[in-house]
Amino acid sequence: MLKAIVITEQPVSASVPAGYSLTLRCRAEACTSLRYQWFSQRQSACCQITGATEPDLLITARETQLYICRINDLQRNFTFSNWVKVEVHIARDLLPELWQGEPVIVINPTVLEVKVGKELQLQCAALGIPAPHYQWYHNGKPMEDQKKKKLLINPAKVSDSGTYLCCAANSHGEHWTNAVDVHIGTCWPDTFFATDKVALLVGNNHYQNHPNLMAPITDVFELSLLLKKLGFRVVSLLDLNKVEMMIAVNQFLQLLGKGVYAIFYYAGHGYEHSGRNYMVPIDAPQPYAPENCISVQRILHKMQQRQTALNLILLDTCRKWYNPQCALSQVQPLEPWGNTVYGYATSEDAEAYEVQDGEFSSGIFMKYLKKHILQEKKVTHMLEDVLEDIGRDPLVTGKQVMEIKHTLKEARALTDPIYLTGLTAELWGHSCELLRETVTFPCGIQVELRFREVFSNVMHVSAKLQAPPPHIADVRLLLCRPAEMQDLAVLRGSQSDQVESLLTSLSEHEELDCVLRLCGLQKVQTDVLLQLDLHYTQLGTKQRARESLQKILRKSLVAQLFSQKKCVIPPRQEASKPSSSYPKDGSMVPAAQKGLASLEVESGSSSQCSSKSNTCSEPEENDESDLSSLCSALLRATPGQNCS
């Protein structure tokens, strides 16, 4: 019995650009010699290809066609290969120079708004040899029934809303399309959405080598409140050195993605050189130069790479030309994506002014920005209203004029709603609402502790004495600054008064028995032990007595953003390892009854409060280096340092 014809190599489908030459291969075995004949089918017509009688068929792809090969033996037995499809796309320029057949995306899905009950259709395409197979994903999960170039859902439901993308893969690798956001519901023409809203606000006031400022405290605080009303998740930071500024910016950049509205605001010393803007950290020497400062254009370039829907840069700083002999930062040109807005507090080669407004010092720019920022209008139109108001202010006529630069091609507003929120890190923009906890001393006196974040790295701790028992008089409370935080900067003088005024503006004024402000929380990488001392007179014995309670405050969320897992912050000098704090449930314990080691255990968990000293020199980071490489650079500069 003769052996049947066995196909040992089937031809494979391909997806190629128009004009691309490729070879279809078919191989078979039998007891006699074999003959091959190739056929093609376009639309409904199938025809024999003249002269195509070899196992290999060389074609130059002009249009999409189907191909099949017939194999005959000398006994008139025959069999057919599988049908294969050679799909042709107008995309020659998209191929890499040495293409090996790996998938190359040529069609990305596009943003859609679809009414409930209507058909949802998304499409993608990729080049590849063999032709890629496809897998669609919805909100990061594979869709079992969507494995073609075209995704089809009919009828569409509200639950079908979300983020879609497709993976094209073959034996040479895989490639992903861009993600696309789909809204299912009532279609609102000309309405824009944000997938998230995040903001980073930095105010530098207390400089080591330059004159101190007053307005950034108030301006950052007030802008933070307004942006939260607009749905932004805000991190507001005071008095950062260069390393800390770059870490904060790097963490901010990690949150940005497709469709996000991003705001970066800076108030403090700054300067401009040949169109480049530089922010001055609090540790910048005199005279400052680009290598000691932070390039704004470099930050914006990184923001653009994240494909955000809106990038708003607000610079409340001087733009005087400074030290023209210094070399410029090397910054790549911005991409023409039409999503960027610059709001300068002042014009080129001019200064930005502070004014005293009642109890507060405020920048002229913020004075009018807070008046208009909640308006439901295109962000550039809102800033134009600010510009006009500044122009009418007689205090700065001829001295300060706001400047706006933008490439915003869509009418996006800061009031636009958020859709598909919660896609970014939970640590960013945590609440600064007032937290309260009542504690009881052994003598029976109760004290209400209150914790409020004025800024993301400044906490206000206060204590309010409740009505004392009848046998106790002349009560005095004292909140002790944690030993772990003794070496950190504190708000002094007028700065402290400003914070007090800001807190008063949040709530009705109430006399407190003692107040403690914890600053520089980003530097504090462990829990903190907070001690409350109570001094009182026992009426029965007329003796003066003292009792103490201690509470472990957990490491703050802003410290987690600056932690070693993300980046290491080297201290400027040898000091006890600091740490900081959010209040958690759990009772305070009398210091006189338990040792410090036992106080480290609370609610079944253990936290080590180390007094070990760490020494580390601050690395010399050049602003030209990539922001994303900062973590590894810092780790190299701090060998042997261990942070929790």
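The stops below move from strands and sheets to aromatic rings, cysteines and single residues. Please bear in mind throughout that this is a predicted model.

**Stop 1: strand β23**

Select residues 260–267, which form strand β23. How many of the residues of β23 are buried? Eight of its eight residues are, and the strand is mostly covered. Now display the side chains. In a regular strand, the side chains alternate between the two faces of the sheet. Val260, Ala262, Phe264 and Tyr266 point one way from β23, while Tyr261, Ile263, Tyr265 and Ala267 point the other way. Both sets are buried.

Strands of a sheet pair through backbone hydrogen bonds, either parallel or antiparallel. Strand β21 (residues 196–203) runs parallel to β23 and is joined to it by eight bridges. To see one of these links, select Gly203, whose bridge partner in β23 is Ala267. Strand β27 (residues 310–316) also pairs with β23 in the parallel sense, over seven bridges. Here, Tyr261 has Leu310 of β27 as its bridge partner.

**Stop 2: aromatic pairs**

A pair of aromatic rings is described by the distance of the centres and the angle of the planes. The structure holds seven aromatic pairs. One of them is edge-to-face, because the rings of Phe78 and Phe80 have their planes at 80°, with centres 5.9 Å apart. The rings of Phe252 and Phe264, in turn, have their centres 6.5 Å apart and their planes at 40°, so this pair is tilted. It links distant parts of the chain: Phe252 lies in helix α2 (residues 242–255) and Phe264 in strand β23, twelve residues apart.

Is Phe252 buried or exposed? Phe252 is buried, with a relative accessible area of 0%. Phe264 also counts as buried, at 1% relative accessibility.

**Stop 3: a charge over a ring**

Select Arg319 and Tyr344. The charged end of Arg319 sits over the ring of Tyr344, 3.8 Å from its centre.

**Stop 4: the cysteines**

A disulfide is a covalent bond between the sulfur atoms of two cysteines. How many disulfides does a search of the whole structure find? The search finds zero. Select Cys124 and Cys166 to examine one case. The closest cysteine sulfur to that of Cys124 is in Cys166, at 3.6 Å, which is too far for a bond. A disulfide would require the two sulfur atoms to lie within 2.5 Å. Cys124 counts as buried at 1% relative accessibility. Cys293 can be selected as well; it counts as buried at 0%.

**Stop 5: a sheet of three strands**

Select β24, β25 and β26, which form an open sheet in that order with antiparallel pairing. Strands β24 (270–273) and β26 stand at the edges; each has a single partner strand, so one side of each is left without a neighbour in the sheet. Between β25 and β26 there are two bridges, and in β26 the bridge partner of Tyr278 is Ser295.

Now follow the loop between β25 (276–279) and β26 (294–295), where Asp283 is located. Asp283 counts as buried because its relative accessibility is 17%, and the cut-off for buried is under 20%. A polar atom of the Asp283 side chain lies 3.1 Å from the backbone nitrogen of Lys242.

**Stop 6: a sheet of four strands**

Move on to the open sheet with the order β32-β33-β34-β36, again with antiparallel pairing. Which strands stand at the edges? They are β32 (435–440) and β36 (514–519), each with a single partner strand, so one side of each has no neighbour in the sheet. Neighbouring strands of this sheet are turned by 20° against each other on average, direction ignored. Strand β34 (residues 458–465) is joined to β36 by six bridges. Within this region, select Val461, which stands opposite Leu516 in β36.

**Stop 7: Thr60**

Finally, select Thr60 in strand β7 (residues 56–60). Thr60 is partly exposed, with a relative accessible area of 34%.

Methods. Residues are numbered from 1 along each chain as its sequence is written. This is a predicted model: local features need pLDDT of at least 70, side-chain atom pairs count only at pLDDT 80 or more; totals for chains, interfaces and linings use all residues. Side-chain values use heavy atoms; hydrogens and water are left out. Buried means under 20% relative accessible area, exposed over 50%, partly exposed in between (1.4 Å probe, protein chains only). A polar contact is a pair of N or O atoms within 3.5 Å; within protein, one must be able to donate a hydrogen and the other to accept it, and residues adjacent in sequence count only if both atoms are side-chain atoms. Rings of Phe, Tyr and Trp (its six-membered ring) pair if their centres lie within 6.5 Å; planes under 30 degrees apart count as stacked, over 60 as edge-to-face and the rest as tilted. A charge sits over a ring if NZ of Lys or CZ of Arg is within 6 Å of the ring centre and within 35 degrees of the ring normal. Two strands pair if DSSP finds at least two bridges between them. Axes are lines fitted to C-alpha atoms, for helices over the stretch in contact, and angles run from 0 to 180 degrees between N-to-C directions.
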